[in-house]
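I opened this model to look up the ligand site, the nonpolar cores and a few single residues. My entries are below, in the order in which I made them.

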Amino acid sequence: MASSAQDSRSIDHFFSAPSGRTDRWRDLHAAARSWSGGATARSTVEAALAELGAIEEFHAFPGAELMAALHERLQSDDANGFLALAKRISLSTITDNYKHDLKEWQAVDLSLPDPGDVASIALGEGSAHRPYFEMLVVTPAPAGRWPHMAAEFRRLRRPEDAFIYETVLVGSLEDAICAAVLNPDIAAVAIYEGFALRSRHDAPILRSVLAAQQPLLDKADEADMALRLAAGLKAIRPELDIYLLSDRRVEKLAGDPRASMIRRVMYQIEEPLELHLSVLEGIKARFETPFFDNLKLYAQRPIGTFHALPIARGKSVFRSPWIRDMGQFYGINLFLAESSATTGGLDSLLEPTGNIKRAQEMAARAFGADHVFFVTNGTSTSNKMVLQALIAPGDIVILDRNCHKSHHYGLVLSGAQPFYVEAFPMTEFSMYGAVPLRTIKKALLDLQAEGRLDRVKMVDLTNCTFDGHIYNTRRVMEECLAIKPDLIFLWDEAWFGFARWSPFLRPRTAMGAAADIEAWTQEPDAVTQYERQRKELGANPSIDKLLDTRLVPDPRAVRLRVYQTNSTHKSMSAIRQGSMVLVRDVDFHKVEAQFHEAVFTHASTSPNQQLIASLDVARRQMELEGYGLVMNAIEVALDIRREVASHPLISKYFSIVGADGMVPKEYRPSGFVDFLAPGTRWDDQLRSMREDEFCLDPTRMTLVCGTAGFDGTGFKGLLASQYNIQVNKTSRNSVLLQSNINNTRSDVALLISVLLKISNEIEARLKQGGEAERKAFVARVHSLMNDVPELPNFSRFHDAFRTDAGDTTPEGDIRTAFFAAYAEEQCEYLPINNPECDRRIDKGPALISANFVIPYPPGFPILVPGQVVTHETITFMRKLDVKEIHGYEKTKGLKLLKPDALAEKKGRSVENGRKKARAA
Ligand SMILES: Cc1ncc(COP(=O)(O)O)c(C=O)c1O
């Protein structure tokens, strides 16, 4: 977010916090170097020290003692002493050495590790140390006692502790919230009753955000305030373990339903060791990876294998003179941990009863779901599983036509009828946005008007889209449930699994929104809100009126049935193809058997052990450090956006499309413009996330390269082949960059340096090439940026596949169309450049697609089986200059279903339909 020097010193400057902090320490180090070398005055160092600001109080390191030592050296004009300490602290905040080296906490001067040492520690030596975290202690004790309290906690450490922690002490609710937001190392919180409300520092933005709660906070007694703080912290970081220490009737407090989010309520005077042990146990509960832990044990056992899988134990590999290099490359553990056994310490993914079951339950806890299923064949499979489990032949599914192909194929397999809804087009980039809620509501209301609402089972959408459009998941579900209270939602969050770990993004995830809706249905006021709206709408509201109204569902009627699929491998540390299905469905018990059938249908009977283990480990990582990692991914994205926009030369040829460019104004009522727009603060982003129909995931960056004369595919190739930079998908004139939990600031530096290099090359070429080169460049840019084909909407299913469809609604029998193409004699081919195409579209007989036609980019099906081909489709295909079009063979042409063969089929289908109707 845009920031000013003033902002950066207030404690509630929430974005760019970690890198901002390390930058400030680096600045202090640089200032100290100048001071010690006599180049600058002491005042420069004083200013840099002041710049560190109060947020240092929210971090255990360097802590009060080292900060006091710094100030002391400053006061005594000890420039060299100051430099030595500032250098050590600065280095330690970057390398995290303080997390495992006690010497780093001492004020006395140490010999500094040379940069080589630092690198080796960062590269893994640290892994031998006990994992480190910080515990936030919210206390009414005066600040003067805090160092003593921190020392008390330190004294509780025992050699057998599996983890090590330091404490961060604060005295108020505001400070506690700031600490939890700003310090990702905080993993546990101990709240002692009686703390203050206000920070002693300035926190203007936070106060404006908390303003709505102010009357309640002002009235709150000590216990109430502690519970409110706990709820606030959980809303920001649900993974935190919270301990409440009270000196009153703790039994009563523990029985308060609001205390359910507290891990343990304790009597304050009790043995502090009890708290210490509880805190470590809480971390262990997240650290534990039941399947991975067992797999490691299994790998150590001497096991004779008499089953398939010769590579298990590695003997076929390491004994072979010909393939030993594979063993050397992957390492012995890969083979020791290979097995097709499902017993003896392992478990069966298809019917888990042991450690896979536990691992899935822990993932459910972490991701806020009731159930989680691990999937080892990617989200492509997860989607098909969910669709098969929940959808029967003839059911109608409302889905984004622009969704991943696994959904379309899932419907072919299940025999459901797709009701395609269109995302808003972003023609200038040859891509789609997301589906407006009005379109989805209209689909439901039209089906209702046709008396077919009972046939609609599911709304199936992609959140966020490939290009980063995030739905207002809560609003979409609420308004749809107001029309059909038992609707199932499938949110394909293939790219968005990580979002659970950001307080800004979480409310917009499927599970986050489901939790909010569930909480709302239990609010005393929910029924009143519904009744009030019912009265306002009157007996028979028109479709237009319903479309214009923000509909409130009936909380008594709502059956909340939410499914999310995520490619854990796309945004977390799972091995490729590792995916999860998250379930929050009140009626899951009714479909559980079907769900297992779907798993049996699609899951391999030989699931990969490493993959399952990596899903287990990815969960552990996100529960323990996901918050910081996601914060880092967002920071990296903001850095890239900032650098591209502000560099005079790079910005001449390249740009990253802002939120305002990705989301049309009518879907941004909050007025949010972009992350980097001048004056934008985190609360603006928060408001946008709450109010806007669509938001942009900051980590997904559409880099426009058409303005530099490159088409997306060419530019992607150039980056990969010449600069070792891999990017995500492409459009006609852009590439998609994605920042991830693995990215570092060095990656940003690499990307920026490459963009600069390319910009320089363009400049040189234009300079040397004269007018002709300039004209050619302008023409190329114009063609890439302006000669963009209109995106073709879904036309319609041919009548032969609509015998069971509504009169006015567009659903169709995609499955029958798909299998009709299996009879080669029913098919014909027509090249798109053949004038016969145009003649047949105008005069008939209709051109009916026999299969999916999916060009890459943009990657959505421009034709599905049974769809009538129109001029728009043909024009789009003729203008497409991409090489890869799945389902289209250039030499043969479009594969079509012969209308005559279908006429006969239609006759039969109509007759069958009539028979069925008569029987009904
Ligand atoms: C929206 C969406 N859903 C599902 C998938 C398939 O996921 P996987 O690669 O894990 O099979 C993709 C792949 O790119 C996708 O973009």
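**Ground rules.** I am working with a predicted model, where local features need pLDDT of at least 70 and side-chain atom pairs count only at pLDDT 80 or more, while totals for chains, interfaces and linings use all residues. Residues are numbered from 1 along each chain as its sequence is written, and side-chain values use heavy atoms, with hydrogens and water left out.

**Ligand shell.** I looked up which residues surround the ligand and got 13, the closest being Thr379, Ser380, Asp492, Ser567 and His569. By class, the shell holds three nonpolar, eight polar and two charged residues. Here Ala, Val, Leu, Ile, Met, Phe, Trp, Tyr, Cys and Pro count as nonpolar, Asp, Glu, Lys and Arg as charged, and the others, Gly among them, as polar.

The side chain of serine 380 has an N or O atom 2.6 Å from a ligand oxygen. For histidine 569, a polar side-chain atom is 2.8 Å from an oxygen of the ligand. Lysine 570 places a side-chain N or O atom 2.9 Å from a ligand oxygen. I then checked the cover: the ligand taken alone exposes 390 Å², and the protein buries 85% of that (Shrake-Rupley method, 1.4 Å probe; for residues, only the protein chains shown count as cover). Two or more shell residues come from each of α19 (378-390) and α26 (568-571), and α19 has the largest share, with four. Helices (H or I, at least four residues) and strands (E, at least two) are DSSP runs, numbered from the N terminus.

**Cores.** A nonpolar core is a set of buried Ala, Val, Leu, Ile, Met, Phe, Trp, Tyr and Cys residues joined through side-chain atoms within 4.5 Å. Buried means under 20% relative accessible area, exposed over 50%, partly exposed in between (1.4 Å probe, protein chains only). The largest core has 115 residues, of which Phe374, Ile398, Trp491 and Leu894 touch the most other members. Helix α28 (residues 609-646) gives the most to this core, nine residues. Another core lies apart from it, with 73 residues, including Trp25 and Tyr132.

**Threonine 139.** I found this residue in the loop between β1 (132-138) and α7 (146-155). Is threonine 139 buried or exposed? Threonine 139 counts as buried because its relative accessibility is 3%. Beyond four places in sequence, its contacts (heavy atoms within 4.5 Å) include Trp146, Leu169, Gly171 and Phe195. Its C-alpha is 5.1 Å from that of glycine 171, 32 residues apart along the chain. Its side chain also reaches the backbone nitrogen of alanine 141 at 2.9 Å.

**Glutamine 417.** This residue lies in strand β8 (residues 417-421) and is buried, at 4% relative accessible area. Among its contacts beyond four places in sequence are Asp395, Arg455, Asp804 and Glu811.

**Histidine 71 and alanine 86.** Histidine 71, in helix α4 (residues 63-75), is partly exposed at 37%. Alanine 86, in helix α5 (residues 79-95), is buried at 0%. Not counting residues up to four places away, alanine 86 touches Leu28, His29, Ala32 and Leu70.

Terms used:
A residue is near a molecule or strand if one of its heavy atoms lies within 4 Å of it. A polar contact is a pair of N or O atoms within 3.5 Å; within protein, one must be able to donate a hydrogen and the other to accept it, and residues adjacent in sequence count only if both atoms are side-chain atoms.
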